[in-house]
2 protein chains.
Amino acid sequence: MAAVLRDDLTAVDRLIRARMASENAPRIPEVTAHLVEAGGKRLRPMLTLAAARLFGYDGLFHIHLAATVEFIHTATLLHDDVVDESAQRRGKPTANLMWDNKSSVLVGDYLFSRSFQLMVETGSLTVLDILANASATIAEGEVLQLSAAQDLGTTEAVYMRVIQGKTAALFAAATEVGGVIAKADEGSVNALREYGNALGVCFQIVDDLLDYGGSTARLGKNVGDDFRERKLTMPVIKAIAKADPKGRDFWHRVITEGHQEDGDLETAMRLLTKTNAMQDTRAAAMDWAGKARRALDGLPESDLKRLLNDMADFVVHRVV
Amino acid sequence: MAAVLRDDLTAVDRLIRARMASENAPRIPEVTAHLVEAGGKRLRPMLTLAAARLFGYDGLFHIHLAATVEFIHTATLLHDDVVDESAQRRGKPTANLMWDNKSSVLVGDYLFSRSFQLMVETGSLTVLDILANASATIAEGEVLQLSAAQDLGTTEAVYMRVIQGKTAALFAAATEVGGVIAKADEGSVNALREYGNALGVCFQIVDDLLDYGGSTARLGKNVGDDFRERKLTMPVIKAIAKADPKGRDFWHRVITEGHQEDGDLETAMRLLTKTNAMQDTRAAAMDWAGKARRALDGLPESDLKRLLNDMADFVVHRVV
């Protein structure tokens, strides 16, 4: 990685730690520490930093914006954590379940408002506009996902709208604001946004594949979570489209009715393979990685452009 | 009410309905309809409108800002709705409890992001700064309240910090941005903020009184909710400070240990009266209403100033 980005990432970490603290509510860093500090992949901040540096930015606000997108990401993770009834039924620890629910919500709100302060500090209304729109799109995607869950009629078009919202919108905005703060020309800013969007779509498809064990390099993901939560992700949607009557009955029972028994996850994975759903989903992921790379075509050659290219490879590499 | 404000409020309602809709997630208006459309008191939007009009504003952005503060308020209500374990134990309907939890969180996020879009449209970085800071203060107040709950050692100073955050910060910001958008001078903007803050503190103290039946005109509030949730509000804090050993044992059992039996709420209310906690809390509320009115002293005389004055009377009138 370019040395300049390594220094930038250190500055982002420092800013995140400083802004996460709350004099008035010391409990906040406790809740967020494991999420923000544990050195996640910092994929989204990296997009902002790389985009800004690609266009020669040498100010300080790319650090603010990188911290902003990480805070937004962490806030959505916390809000996703709000567990549903099924999680309780599955016998997870319920001792402090609801206290944790409430903490997740409120600390998520806190991080979101902190991100808001950080972006205001940049003084760029364009940046604020982009991130405000991204926030609305993310929330819409999450709500849409909630309504689509357990609905066997969910189409790939609906799935695409869900993931454009809940995942790709932030990837796109993260990359775009990097270009905007660096005063890149309009065409380049559009290219950056398109790249970020395609990368985000690819990332989410890969994530959904990994939930069915799409690779041996699973990076700690919990196989079967989506299945148990009866989420209609691309592999399942593709498998249902090609299911025979017996297969349809199976999906109806486990997804619509939610009657899941031992061995059902294995059956699901067998059906995903038999119908080529895994393979076809993998092809879709590669397709989006290609779109991301092609979006970079017109941008100036540099180490940073190569880094963005490599990130597309990295994201899709987890399953191919 | 001044006719101009009545028209403004109609415009705010129209804007709220327009921005609440979501093409991508039709479920959103379902969840928010009863909260936003049911014609709440619109106290906070009124503050914004009155402050802007008081300084002769004749643009359109006060409508945006009034809708903004109502969206923020509704978002926090939705997030407050995330029920805790005790609510379940008390035998509330649990059928869709968790689906509703998740909806509350995500739709709250959506409204918050919508409010963010509305304020960006005003193009005022000062306004954005004020509302970003208010958002952070609100979230801190909510988290602080969570940590203070069930803690008998909570002081009035902590209680004041909680309500300055969770309630007064938005009242203050709502009033302040009205002045800012109207380009009021700095002294007047400060006075408006101080007024809004005092009004918000007064409002919350009154609300906390009403939770122990502080008045016959209860406006639909559920007496005893705070008691059951073991919240340390001003009446309880004052009662504990003056409790005799038997009283302390009682508070320890019902608040710290959470062992509540039939008749305990009545005992609590008796102790609140016996120790003068109700009366002293009522005096504190009147004190803050007075502070709110005095903050208006230097502002130009007009119907709108009289309206702000009346609002202070209205807020405290619920308990005196």
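**A walk through a predicted two-chain model**

In chain B of this predicted model, helix 3 and helix 4 pack with their axes 8 Å apart, at an angle of about 155°. An angle over 145 degrees counts as roughly antiparallel, and helix 3 of chain B and helix 4 of chain B are therefore described as roughly antiparallel to each other. Their crossing is right-handed. On the side of helix 3 of chain B, the residues that take part are Arg44(B), Pro45(B), Thr48(B), Leu49(B) and Ala52(B). They meet His62(B), Leu65(B), Ala66(B), Ala67(B), Val69(B), Glu70(B) and His73(B), which belong to helix 4 of chain B.

The loop between these two helices deserves attention. Helix 3 of chain B covers residues 43-54 and helix 4 covers 61-80, and Phe55(B) is placed in the loop between them. Phe55(B) has 21 other C-beta atoms within 10 Å of its own. Since 20 or more make a residue buried, Phe55(B) is therefore classed as buried. Which residues surround Phe55(B), apart from its neighbours within four places in sequence? They are Gly179(B), Ala182(B), Ala184(B) and Ser188(B), each in contact with Phe55(B). Gly178(B) stands 123 residues away from Phe55(B) along the chain, yet the C-alpha atoms of the two are separated by 8.6 Å.

In contrast to the buried Phe55(B), Lys183(B) is exposed, because 12 other C-beta atoms lie within 10 Å. Most residues other than glycine have a negative phi. Lys183(B) is not a glycine, but its phi is positive, at about 55°.

Two packed helices are described by the angle between their axes and the distance between the axes. For helix 11 (residues 234-241) and helix 14 (residues 277-295) of chain B, the axes come within 8 Å and cross at roughly 130°. Helix 11 of chain B and helix 14 of chain B are therefore oblique to each other, whereas helix 3 and helix 4 of chain B are roughly antiparallel. The crossing of helix 11 of chain B past helix 14 of chain B is right-handed. Helix 11 of chain B contributes Met234(B), Pro235(B), Lys238(B) and Ala239(B) to the contact, and helix 14 of chain B contributes Ala277(B), Met278(B), Asp280(B), Thr281(B) and Ala284(B).

An α-helix has 3.6 residues a turn, so residues three or four places apart point the same way.

Chain A can now be considered. Its secondary structure consists of 15 helices and zero strands. Chain A has 320 residues, of which 52% count as buried. Among its contacts between residues at least 6 apart in sequence, 78% join residues at least 24 apart.

Helix 15 of chain A, residues 303-317, has 15 residues that should span 21 Å at 1.5 Å a residue; its end C-alpha atoms are 20 Å apart, which agrees. Leu304(A), Leu308(A), Met311(A), Ala312(A), Val315(A) and Val316(A) are its buried residues. They fall within an arc of 130° when seen down the axis of helix 15 of chain A, so they line one face of the helix. These buried residues pack against helix 3 (43-54), helix 9 (186-210) and helix 14 (277-295) of chain A.

Finally, the two chains meet. In this interface, 42 residues of chain A are in contact with 42 residues of chain B. Helix 2 (27-37), helix 6 (97-121), helix 7 (125-148) and helix 8 (156-181) of chain A each supply at least two residues of the side that touches chain B. Helix 6 of chain A provides the largest share of that side, 16 residues.

How values were computed
Residues numbered from 1 in each chain as written. Chains lettered and ligands numbered in written order. Predicted model: local features only at pLDDT ≥ 70, side-chain atom pairs only at ≥ 80, totals over all residues. Axes fitted to C-alpha atoms, helices over the stretch in contact; angles between N-to-C directions. Helix = DSSP H or I, 4+ residues; strand = E, 2+ residues; numbered from the N terminus. Parallel < 35°, antiparallel > 145°, perpendicular 65-115°, else oblique. Left-handed = near helix turned anticlockwise from the far one by under 90°. Contact = placed C-beta atoms within 7 Å. Expected span 1.5 Å × (residues − 1). Arc of directions from axis to C-beta.
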